[in-house]
Amino acid sequence: FRSFVPHLTAGILSDMTDVAGSKYLSARAREIISKPPLGYFNHILKCWEDPYSASNPDGYFCLGLAENKCHDAELVEKLNSIRRGPKLGYQMMTGVEDTKQAVARGFGRWVAPGVKISTDHVVLMNGVGSLVHALALSLGTPGDTFMFPRPRYPAFPMDTSTVAQVGELVCDAVTTAALEAAYKPGCKALVLTNPGNPAGDLVSEGEIREAYAFCQKHNMMLILDEIYGATVSPKYRSEFKSGLTLWPELPEDVVVLWGMSKDFCMSGIRCGVLIATNPALLQALGTFAIFHGISVTTQQDLAAMLSDTAWADDFLRRNAENRDDMLQVVTDTLTELQIPFVQPKAAIFIWMDFRQLLEEPTEAGEEKFLCDLMEPPTRMFFTPGRDFRPVDDAFGFFRMCYLYFDKPGLEEAMRRFKVFVNERRARLSKAKM
């Protein structure tokens, strides 16, 4: 990884107080390199340098990165089978028409069944993060804010603030009372992630409608991030409601997001999808798309893949079944260890409560737990909860992404984790005596 992005890793892994060449940079750029994009990124880099595999059994288990790698071989084979050669010319930066048609049909088949989506209302960019960034530029001015319910995806503040300088407000729940308690003038949008990250929970139809009423009252945009919309456990599928199914036509003050990174397990393809009906917003996004376009060759491959609906239907079904099977391995382990967790209904992670295992209920205590977990022989990484802004900003919550390895790999990770927890409990108990 270092060989591909030495500028990134060199900055993050140094103390970043005196980066060579910084005298040529703007104040904005110096501020950006003064802190890592995510507080836990150093740990991920360490995992990438020496990852676990069957041929490297002492490597790190990176269980804190929201990627599903269980279908890599199949997806590579599929893409190779449909590849039709490179496209070398310019196309519309908001997306090639064939690709937008395939995405619109797919979303109306797998996420919002029965909904017809006009390609005039679809914008494609290189990832949902780029779309959130463009929305921050389009909706906010420096000093404005977006609101997020706790716990929230940790990269949202980076997406909104790095260039657009749009800050964040956090609310404790998706209720009128909680939203009003968190609201301050200058808040331009409420972002609901449904299914949720990190808990894999579902936002109910009633909560979405209550949130929309709040947004209308304060002249705010409602942004529905549905990037895990087709990764819902079959037994909870009827509980998930896409925003596109709640109105006869999507209102101009609602935006829906989707992408290929999660449901189709291709985070490296870099394809984010925005659906909106607001003409002015679509025009602004059309300009920002110049800086966030997707390779035309990539879009051609995606159009062919998504148009094979028989394959895609079967892939998504098998993906959901494998998700539930792998999740059972994790929940059985946590139950045996008597570690509290939120039962996820969707997505590819689980939200766990390790407060009983901290030496002290502080940020330092949470970081010490994570560093101990990273040490041999466990060598394991979970995403620390502090970056998700949990309720009361409590320390000791962690997110596990359990589809980064195949089932034998996950079972080995859980074996190691059991040993770690039992030994740590014994040590903490002895220290209290």
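Thr94 counts as buried because its relative accessibility is 13%; buried means under 20% relative accessible area, exposed over 50%, and partly exposed in between, using a 1.4 Å probe and protein chains only. The model is predicted: local features need pLDDT of at least 70, side-chain atom pairs count only at pLDDT 80 or more, and totals for chains, interfaces and linings use all residues. Residues are numbered from 1 along each chain as its sequence is written, and side-chain values use heavy atoms, with hydrogens and water left out.

Thr94 sits in the loop between H4 and H5. Helices are DSSP runs of H or I, at least four residues, numbered from the N terminus. Not counting residues up to four places away in sequence, Thr94 touches Lys100, Val122, Val123, Leu124, Gly286 and Ala289. Contact here means heavy atoms within 4.5 Å.

H4 spans residues 72-82, and its Leu75, Lys78, Leu79 and Ile82 are buried. They lie on the same side of H4 because they cover an arc of only 95 degrees around the axis. That arc is taken from the directions from the helix axis to the C-beta atoms. On the other side of H4, Ala73, Glu77 and Ser81 are exposed. Helix H11 (296-307) and helix H12 (309-336) are among the elements covering the buried residues of H4.

The axes of H5 (residues 97-110) and H11 come within 8 Å and cross at roughly 35 degrees. Axes are lines fitted to C-alpha atoms, for helices over the stretch in contact, with angles from 0 to 180 degrees between N-to-C directions. H5 contributes Asp98, Thr99, Ala102, Val103, Arg105 and Trp110 to the contact, and H11 contributes Gln299, Gln300, Leu302, Ala303, Leu306 and Ser307.

Now the cores. A nonpolar core is a set of buried Ala, Val, Leu, Ile, Met, Phe, Trp, Tyr and Cys residues joined through side-chain atoms within 4.5 Å. The largest has 76 residues, and Leu274, Phe382 and Phe417 have the most contacts inside it. Apart from it lies another core of 62 residues, including Phe107 and Trp311.

Leu274 is in contact with Val122, Val123 and Leu285, among others, leaving aside neighbours within four places in sequence.

Finish at helix H13 (residues 363-374), where Leu373 is found. Leu373 is buried, with a relative accessible area of 0%. The C-alpha atoms of Leu373 and Ile117 are separated by 46 Å.

Notes: Helices (H or I, at least four residues) and strands (E, at least two) are DSSP runs, numbered from the N terminus.
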